[in-house]
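Reader: I have just opened this entry and would like to learn how to read it. Could you walk me through a few features, one at a time?

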Amino acid sequence: MTAASTGIPPVMTDINRYDPDHRRWLAEAIAKVRADARRSSDTHLLRVPIAALPGIDLYLKDESTHPTGSLKHRLARSLFLHALCSGWIRPDRPVIEASSGSTAVSEAYFARLIGVPFIAVMARSTSREKVRLIEFQGGRCHFVDNANEVYDVAARLAAETGGHYMDQFTFAERATDWRGNNNIAESIFDQLAEERFPEPTWIVATAGTGGTSATIARYIRYTGRSTGICVADPDNSAFFPGWRDADPTVTTDVCSRIEGIGRQRVEPSFVSSAIDRMIHVPDAAAIAAVHVLEELIGRKAGASTGTGLWAAFHVMSEMSRQGRDGSVVGLLCDPGDRYIDKYYSADWLAAQGIDIEPYRSCLRGFLESGHL
């Protein structure tokens, strides 16, 4: 009996793109990325005692202890899983990213882990240490003179090579499962469970893509907590004015001097409606904060950490004036040894016209009095 004799029309089109070899490669690649998460124990939540504020506890989530040394390790893992499961990454085709450095270090790590090439498109001003780390992980750096060019150049390279433009600035907020699955927010609240203030008054983050603040804010709402989410933003960033004026089209003419955070446009992954509060932090204040942090804990950190730390001190001072006890959580985003030639260099600070001494004096006064 034929299709014609039964009145059933024949199948006119059947396009089958199923490739068992590719599916096996994909399963192995995803297993390698997931295995990395199992091998990496969770990052520490450090308590930073401030003697002048005995009723307020400060914690820093130390993301510098990830295998690639920064908060961006979580993001890169999520981006790779998202792209692999979406069918965007193919064997022997490059993964390409627009980055200010740390995400590229982490993505280069995961690209090498699954055996695909990696190209980082970034500003020529990126710290030498980040360039070294990307190349150490097997990646290649493609430099542009204007930081605003990174998006278009990355997309063009992907088109020319048949590779995949990861586009962290678009996909950061959607690649991470904000409901749980070992995201940073779930980890913070789990680690605070036995502390005297297990539900912090504020969590202070910073924004490069906006993905971290979106994840934390969504998780707080999803789990019914009252914790506020505050985003600290440096000079020359579009995020603060864009949030203040409810205008996602805001741009700035000069790129941020605080690597990893602050962008010249409001990135698609910055979910402004989920943010409760923003604080603009001058670059000099952010850099002073990491110098003071080294005096407190004996470790250097990057200035993105300092941006959030200044805002956290501001919030703690406010709580003290209001007579409120509680806890505040900030992020230790990456180690300071990536920025020895910048934020810890007197020559670089002088060349940039940055004087951190007034802010450092102010912070030392805060540590003695509890008031900023």
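Author: Gladly, and let us start with handedness. A crossing of two helices is called left-handed if the near helix is turned anticlockwise from the far one by less than a right angle, and right-handed if it is turned clockwise. Please keep in mind that this is a predicted model.

Reader: Which hand does the crossing of H12 and H14 have?

Author: H12 and H14 cross in the left-handed sense.

Reader: What else describes such a pair?

Author: Two packed helices are described by the angle between their axes and the distance between the axes. For H12 and H14, the angle is about 40 degrees and the axes are 12 Å apart. Angles under 35 degrees count as roughly parallel and 65 to 115 as roughly perpendicular, so H12 is oblique to H14.

Reader: Which residues of H12 and H14 meet?

Author: From H12 come Trp-310, Phe-313, Met-316 and Ser-317, and they meet Tyr-359, Cys-362, Leu-363 and Phe-366 of H14. Sorted by class, the residues of this contact are seven nonpolar, one polar and no charged.

Reader: Which residues make the contact between H2 and H3?

Author: On the H2 side they are Trp-25, Leu-26, Ala-29, Ile-30, Val-33, Arg-34, Asp-36 and Ala-37, while H3 brings His-73, Arg-77, Leu-81, Leu-84 and Cys-85. This contact of H2 with H3 has nine nonpolar, one polar and three charged residues.

Reader: How do the axes of helix H8 and helix H9 lie?

Author: The axes of H8 (residues 184-191) and H9 (residues 211-222) come within 8 Å and cross at roughly 55 degrees. H8 and H9 are therefore oblique to each other. Ile-184, Ala-185, Glu-186 and Phe-189 of H8 touch Thr-212, Thr-215, Ile-216, Tyr-219 and Ile-220 of H9. The classes in the contact of H8 with H9 are six nonpolar, two polar and one charged.

Reader: Let us turn to a single helix. What span should helix H11 have?

Author: A helix is expected to span 1.5 Å times one less than its number of residues. H11 covers residues 283-297, 15 residues, so it should span 21 Å, and its end C-alpha atoms are 21 Å apart, which agrees. Just after H11, Gly-298 takes a positive phi of about 75 degrees.

Reader: How many residues of H11 are buried?

Author: Buried means under 20% relative accessible area. Eleven of the 15 residues of H11 are buried, so this helix is mostly covered. Among them are Asp-283, His-291 and Leu-293. The buried residues of H11 pack against strand E2 (56-62) and helices H12 (303-321), H13 (346-352) and H14 (357-369).

Reader: Which residue other than glycine has a positive phi near 65 degrees?

Author: That is Asp-92, which sits in the loop between H3 and strand E3 (95-98). Because its relative accessibility is 65%, Asp-92 counts as exposed. Asn-236 is not a glycine either, yet has a positive phi of about 60 degrees. Asn-236 lies in the loop between strand E8 (228-233) and helix H10 (239-244), and with a relative accessible area of 30% Asn-236 is partly exposed.

Reader: Is Gln-137 buried or exposed?

Author: Gln-137 counts as buried, at 9% relative accessibility. Gln-137 lies in the loop between helix H5 (128-136) and strand E5 (140-144). The C-alpha atoms of Gln-137 and Tyr-109 are separated by 5.3 Å, though these residues are 28 residues apart along the chain. Leaving aside neighbours within four places in sequence, Gln-137 is in contact with Thr-68, Val-105, Ala-108, Tyr-109 and Arg-112.

Reader: And where is Gln-168 found?

Author: Gln-168 is in helix H7, residues 168-175. With a relative accessible area of 2%, Gln-168 is buried. Not counting residues up to four places away in sequence, Gln-168 touches residues including Leu-75, Glu-97, Thr-209 and Ser-269.

Note on methods: Residues numbered from 1 in each chain as written. Predicted model: local features only at pLDDT ≥ 70, side-chain atom pairs only at ≥ 80, totals over all residues. Heavy atoms only, no water. Contact = heavy atoms within 4.5 Å. Helix = DSSP H or I, 4+ residues; strand = E, 2+ residues; numbered from the N terminus. Nonpolar A, V, L, I, M, F, W, Y, C, P; charged D, E, K, R; others polar. Axes fitted to C-alpha atoms, helices over the stretch in contact; angles between N-to-C directions. Parallel < 35°, antiparallel > 145°, perpendicular 65-115°, else oblique. Buried < 20%, exposed > 50% of the residue type's maximum accessible area, 1.4 Å probe, protein only.
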